[in-house]
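Student: I would like a close look at one part of this protein before I turn to the rest of it. Please go slowly, and give the cut-off behind each term as it comes up.

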Amino acid sequence: MSDSTRHYDLIVIGGGPIGLSTAWQAARRGNRKVLVLERYGFMNERGGTSGAERHWRLQYTQRDIFALTLEALPMWRELESLTGRKLLHAVGSLWFGDTEVKTNEGQISGTARAMDEMGVPYEWLTRPEIEQRYGFANLPGHYEGFLQRDGGTIDVRGTVSALFQLSQQQGAVLRAGVQVTAVRPDSDGVTVETAERTYRADKVVLANGAHANDILGAWGVELAVGLYELPLVTVHQRKGEPERPFWFAFQQPTDEDTNLFYGFPPNPWSTSDDLRLGPVFEVDGLEHADASKGLPAPRQVERVVDWATAHMPWVDPRPAELATGLAMLPKDPGRQFFLGNAGALVDGGENVVVSVAGWGFKFIPLWGRICADLALDGTTTYDIGRHALVPSATPGIVE
Ligand SMILES: Cc1cc2nc3c(=O)[nH]c(=O)nc-3n(C[C@H](O)[C@H](O)[C@H](O)COP(=O)(O)OP(=O)(O)OC[C@H]3O[C@@H](n4cnc5c(N)ncnc54)[C@H](O)[C@@H]3O)c2cc1C
């Protein structure tokens, strides 16, 4: 099909992993004309999908979201088998720290209870066990946590390239360098404007990440989100170290920031001994995604280096490489994602599905399925009620 066909069954706006996953899941149903419009290039790292790795975990404090990771797992396996490439690496997911502190990631004690209920195995570890087994040093005396062995690391670039190939194989049309400037739904479908031309679609999926409010703003609607340019800090590991899991340190916030740090082991698919660390500080929010600089705030890097110096004797804490990732997080940590139909936001909004914000990489194959279900069937069997797009008491704001 040539691009002179300007009417599509489905137009996906944004060619990041969620957009590509949606295109794949929709196109594989057959007999559907699917178009993806991407502002930059496919596999760009200018938005939420920069860097080589993301944390895969089954465990969640919230039972409904926990159930969704269990649904996502076989879909990851299918993606791996279709592309012949391992994407989920079960190096383990270690959560430790203050077991009662509540964070955007969840809470250790509440998550342990959820794992008990969901029948997901884990090993509870005391501070001395965490230090002896994994080499951390000088952890506060009350720190405890767990290891969940099925968690670990997701190969980000492998995933995005797999979705790029699969969506094309299934016949989706992928267009790079096309910025959507407006999306106008009505009762019969949706008009999609770009600088070059106007498209028409029965349905649209908005998967343009940190730029979602650029489109929704024209409807007089704004998703309540915080935008943060988070540091990705690569350091050298000292030679001959044993394998370690992904880890996340849950700590009480300081006056300055949320005081949360995480780290990956060296990526199993790489020959390098380097590993990546990061903070999850919800401070210094950006007004707009285009204000991101691609360079981390020096103070945030200093905080990571200080933490590594104090607690990680197996690394050289001086940064070997610095990059950033643009995280868009719902202001209400209870919701976690914006995922659903836009029917409650604007006339004709039932023809638009929105999937943006949150720590969403672990859900990529599932989010694509859900977006395709919502767009093409008008409904989905998955429990996504918590993430629905419903206007709040403040006019125009979706909290
Ligand atoms: C530092 C960091 C760490 C993270 N860690 C984890 C983790 O450990 N586990 C986890 O599950 N998740 C994690 N996440 C979240 C995860 O990476 C994101 O949820 C996911 O990568 C977002 O994918 P996306 O397709 O929604 O967005 P993006 O990859 O940002 O894609 C959106 C695309 O839309 C395009 N676009 C924007 N506007 C337009 C327009 N007007 N027209 C056309 N195209 C447009 C953009 O160019 C972009 O390519 C992390 C995120 C960050 C930043």
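Student: Where is Lys86 placed?

Tutor: This is a predicted model, in which local features need pLDDT of at least 70 and side-chain atom pairs count only at pLDDT 80 or more, while totals for chains, interfaces and linings use all residues. Residues are numbered from 1 along each chain as its sequence is written, and side-chain values use heavy atoms, with hydrogens and water left out.

Lys86 sits in the loop between helix H2 and strand S4 (88-89), where helices (H or I, at least four residues) and strands (E, at least two) are DSSP runs numbered from the N terminus. With a relative accessible area of 49%, Lys86 is partly exposed; buried means under 20%, exposed over 50% and partly exposed in between, with a 1.4 Å probe and protein chains only. Leaving aside residues up to four places away in sequence, Lys86 touches Glu80 and Asp155, contact here meaning heavy atoms within 4.5 Å. A polar atom of the Lys86 side chain also lies 3.2 Å from the backbone oxygen of Leu88, which is a polar contact, that is, a pair of N or O atoms within 3.5 Å; within protein, one must be able to donate a hydrogen and the other to accept it, and residues adjacent in sequence count only if both atoms are side-chain atoms. Further along the chain, Gly158 is 72 residues from Lys86, yet their C-alpha atoms are separated by 8.3 Å.

For the wider setting, the domain assignment, whose bounds come from an automatic or database source, gives domain 1 (7-49 + 157-222 + 333-398) and domain 2 (93-149 + 225-330). Their centres, taken over C-alpha atoms, are separated by 30 Å, and 20 residues of domain 1 are in contact with 15 residues of domain 2. Both domains give residues to the shell around the ligand, so the ligand lies between them.

Of the 32 residues around the ligand, Glu38, Thr49, Arg54, His55 and Lys362 come nearest, a residue being near a molecule if one of its heavy atoms lies within 4 Å of it. By class, this shell has 14 nonpolar, 14 polar and 4 charged residues; Ala, Val, Leu, Ile, Met, Phe, Trp, Tyr, Cys and Pro count as nonpolar, Asp, Glu, Lys and Arg as charged, and the others, Gly among them, as polar. A backbone N or O atom of Ile18 lies 3.0 Å from a ligand oxygen atom, a backbone N or O atom of Val180 lies 2.9 Å from a ligand nitrogen atom, and a polar side-chain atom of Lys362 lies 2.8 Å from an oxygen atom of the ligand. Taken alone the ligand exposes 1000 Å², of which the protein buries 93%, these areas coming from the Shrake-Rupley method with a 1.4 Å probe; for residues, only the protein chains shown count as cover.

Two backbone details remain. Asn138, in the loop between helix H4 (127-134) and strand S7 (144-148), has a positive phi near 60 degrees although it is a residue other than glycine, and at 59% relative accessibility it counts as exposed. Gln336, also not a glycine, has a positive phi of about 70 degrees, but Gln336 is buried, with a relative accessible area of 4%.
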